[in-house]
Amino acid sequence: MIPLVLILATLGFRGLGVLGVRRFATWPGSAAYGMALMLLFTASAHFVPSTVTVVPNHADMVRMVPPFLPYAGALVYLTGVLELLGAVGLLRAATRRPAGYALAALFVSLLPANIHAAVADVPFAGGAATPLWQRIPEQILYLAVALWIARTANTRTTTPVEESVYS
């Protein structure tokens, strides 16, 4: 479901670019906004109380944390905040590159939790656990998109005036 948010949001933003919205004129720019929207969904689960069972919640996320890591609850809050900060960073061209690289590092660091959740059959919102064969490709997709956004980000914040205008 979450990869669909990334894909459909990116396509939607790019469609707006085709219609003339300059902010979404490129695929990487549209992907940055698509990933930011996806991260709002994923980050929100880190803060949902355990009494809410229709969506993944904080307790679900805590169960994902491998047992060898201390302070699982605090780590879940921290990763939620980092996802939100990454989403905000993707929205501005000036911060898109560092945000993309930081998110790539975050996705790599979250891989053990995703592996643990699949192997330990950690359910979300009372549903079945996501299998490992699905989790790994999803993480690779997120990592690839974050790196693509970072590598193609234009760090220039102003548009230079062409010399031919004054000739």
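The crossing of helix 1 and helix 2 is right-handed. This crossing belongs to a predicted model, in which the protein chain has six helices and zero strands, so that from the N terminus on the elements read α-α-α-α-α-α. Along its principal axes, the C-alpha trace of the chain spans about 70 × 30 × 30 Å. Of the 167 residues of the chain, 39% count as buried, and among contacts between residues at least 6 apart in sequence, 64% join residues at least 24 apart.

**Two helix pairs**

The axes of helix 1 and helix 2 come within 8 Å of each other and cross at roughly 140 degrees, which makes helix 1 oblique to helix 2. On the helix 1 side of this contact the residues include Ile 2, Val 5, Leu 6 and Phe 13, and on the helix 2 side they include Trp 27, Tyr 33, Met 38 and Phe 41.

Helix 2 also packs against helix 4, at an angle of about 160 degrees and with the axes 8 Å apart. Because angles over 145 degrees count as roughly antiparallel, helix 2 is roughly antiparallel to helix 4. The crossing of helix 2 and helix 4 is left-handed. Among the residues that meet here are Ala 32, Ala 36, Leu 39 and Leu 40 from helix 2, together with Gly 80, Leu 84, Ala 87 and Leu 91 from helix 4. Tyr 33, Met 35 and Thr 42 of helix 2 are listed in the contact with helix 1, and Tyr 33, Met 35 and Thr 42 are also listed in the contact with helix 4.

**Helix 6 and its buried face**

Helix 6, residues 132-152, has 21 residues and reaches 30 Å from its first C-alpha to its last, close to the 30 Å expected at 1.5 Å a residue. Its buried residues are Arg 135, Glu 138, Gln 139, Tyr 142, Val 145, Ala 146, Ile 149 and Ala 150. Seen down the axis of helix 6, these residues fall within an arc of 135 degrees, so they line one face of the helix. In general, an α-helix has 3.6 residues a turn, so residues three or four places apart point the same way. On the other side of helix 6, Trp 133 and Arg 151 are exposed. What covers the buried residues of helix 6 includes helix 1 (2-18), helix 2 (27-45), helix 3 (58-64), helix 4 (72-91) and helix 5 (93-119).

Asn 114 is buried, with a relative accessible area of 10%.

Most residues other than glycine have a negative phi. Tyr 71 has a positive phi although it is not a glycine, and Asp 121 likewise has a positive phi without being a glycine. Tyr 71 counts as exposed, and Asp 121 is exposed as well. Their values and locations are set out below.

| Residue | Phi | Relative accessible area | Loop |
|---|---|---|---|
| Tyr 71 | about 55 degrees | 69% | between helix 3 and helix 4 |
| Asp 121 | about 55 degrees | 56% | between helix 5 and helix 6 |

Technical notes:
Residues are numbered from 1 along each chain as its sequence is written. This is a predicted model: local features need pLDDT of at least 70, side-chain atom pairs count only at pLDDT 80 or more; totals for chains, interfaces and linings use all residues. Side-chain values use heavy atoms; hydrogens and water are left out. Helices (H or I, at least four residues) and strands (E, at least two) are DSSP runs, numbered from the N terminus. The expected span of a helix is 1.5 Å times one less than its number of residues. Buried means under 20% relative accessible area, exposed over 50%, partly exposed in between (1.4 Å probe, protein chains only). The arc is that of the directions from the helix axis to the C-beta atoms. Contact means heavy atoms within 4.5 Å. Axes are lines fitted to C-alpha atoms, for helices over the stretch in contact, and angles run from 0 to 180 degrees between N-to-C directions. Angles under 35 degrees count as roughly parallel, over 145 as roughly antiparallel, 65 to 115 as roughly perpendicular and the rest as oblique. A crossing is left-handed if the near helix is turned anticlockwise from the far one by less than a right angle, and right-handed if clockwise.
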